[in-house]
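The structure comes first, then the notes.

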Amino acid sequence: MRANYKNWVPNGMLRALTAGTMILGAGTAALMCTKMNPNLKKAVAGAAGAGTLLCGAMTAWSFYAHGKFSYDGERQLSKEIVEGTAKYITLPADGIGLDVGCGSGALTIACAMRNPQGRMIGIDRWGMEYASFSQQLCEDNSDAEGVQNTEFRQGDACRLDFPDAYFDAVTSNYVYHNITGVSKQELLRETLRVLKKGGTFAIHDIMSKARYGDMQQFIRELYDEGYEEVKLIDTANGMFMSKGEAKILGLSGSSLLIGKK
Ligand SMILES: C[S@@+](CC[C@H](N)C(=O)[O-])C[C@H]1O[C@@H](n2cnc3c(N)ncnc32)[C@H](O)[C@@H]1O
């Protein structure tokens, strides 16, 4: 059995958008052939036509993004990001790492494979916007990769069910930008709360100013609190993806916050 990490643009979304475009297109054609007041017909068919174009554009974008993210495609962008983030996670012997919002388990498993001397716990709230991700899928993927030093649990990034300073390393990839109603810096704080002094972190997300606020100030605050090293790396500048690719995929501002507490 081969691991199946699924896709950040799920197949269900591709199917729904394709069906929506076809239904709207057929509706527009039917309206064009219907006898009705010409002005009303123009307005209704015009609106349906615009809806068809919009839905068609979203469908085309989704297929493009799906192809870029696919683990079977040529680009394999998700794999590059996950493996590039995992490189920054080092566990001591018998150490424990946390992956917040583990999805299909890709980053948890990548970190576990790089750190056979320790173990990784992946948590996720599963079942809301990414319906194809689940705890069972993570466990199956771990088995498929022949990895035994992983564990997966239901959990919420906003309130991690672990005591302060519990982990030797913490990581996360493209999770916090999905979470609304909480400040992104507070989410970072919650993740860093469970990290031990001296532990390492590698958190990748779309950290644009509009979403995350002033990250340089955040870094200064961490240094003031005694963190040993904190760095913010732009990953949409050739590291994981090109600027143009990031723009088209809606990933501009992608950055990796790395360091040692
Ligand atoms: C784009 S996916 C990324 C999955 C994984 N980190 C990866 O790199 O493949 C975002 C994930 O964040 C999870 N997520 C969103 N909000 C969450 C929350 N409040 N607590 C835990 N997980 C959350 C979703 O369920 C989803 O699995």
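**Domains**

The protein's domain assignment, automatic or from a database, gives domain 1 (11-69) and domain 2 (77-260). The model is predicted: local features need pLDDT of at least 70, side-chain atom pairs count only at pLDDT 80 or more, and totals for chains, interfaces and linings use all residues. Residues are numbered from 1 along each chain as its sequence is written.

- The centres of the two domains, taken over C-alpha atoms, are 37 Å apart.
- Four residues of domain 1 contact four residues of domain 2 (C-beta atoms, placed from the backbone, within 7 Å).
- On the domain 1 side, helix 2 (residues 38-69) gives the most, with three residues; helices are DSSP runs of H or I with at least four residues, strands are E runs of at least two, and both are numbered from the N terminus.

**Ligand shell**

- The ligand is surrounded by 21 residues, and the closest are Gly101, Gly103, Ala157, Asn173 and Val175 (C-beta atom, placed from the backbone, within 6 Å).
- The shell has 13 nonpolar, five polar and three charged residues; Ala, Val, Leu, Ile, Met, Phe, Trp, Tyr, Cys and Pro count as nonpolar, Asp, Glu, Lys and Arg as charged, and the others, Gly among them, as polar.

- Seven strands make an open, mixed sheet in the order 3-2-1-4-5-7-6, where pairing takes at least two DSSP bridges.
- Strand 3 (150-154) and strand 6 (229-234) are the edges, each pairing on one side only.
- Strand 1 (residues 96-100) runs parallel to strand 4 (residues 167-173), joined by four bridges.
- Aspartate 99 is opposite threonine 171 of strand 4.

Note on methods. Contact = placed C-beta atoms within 7 Å.
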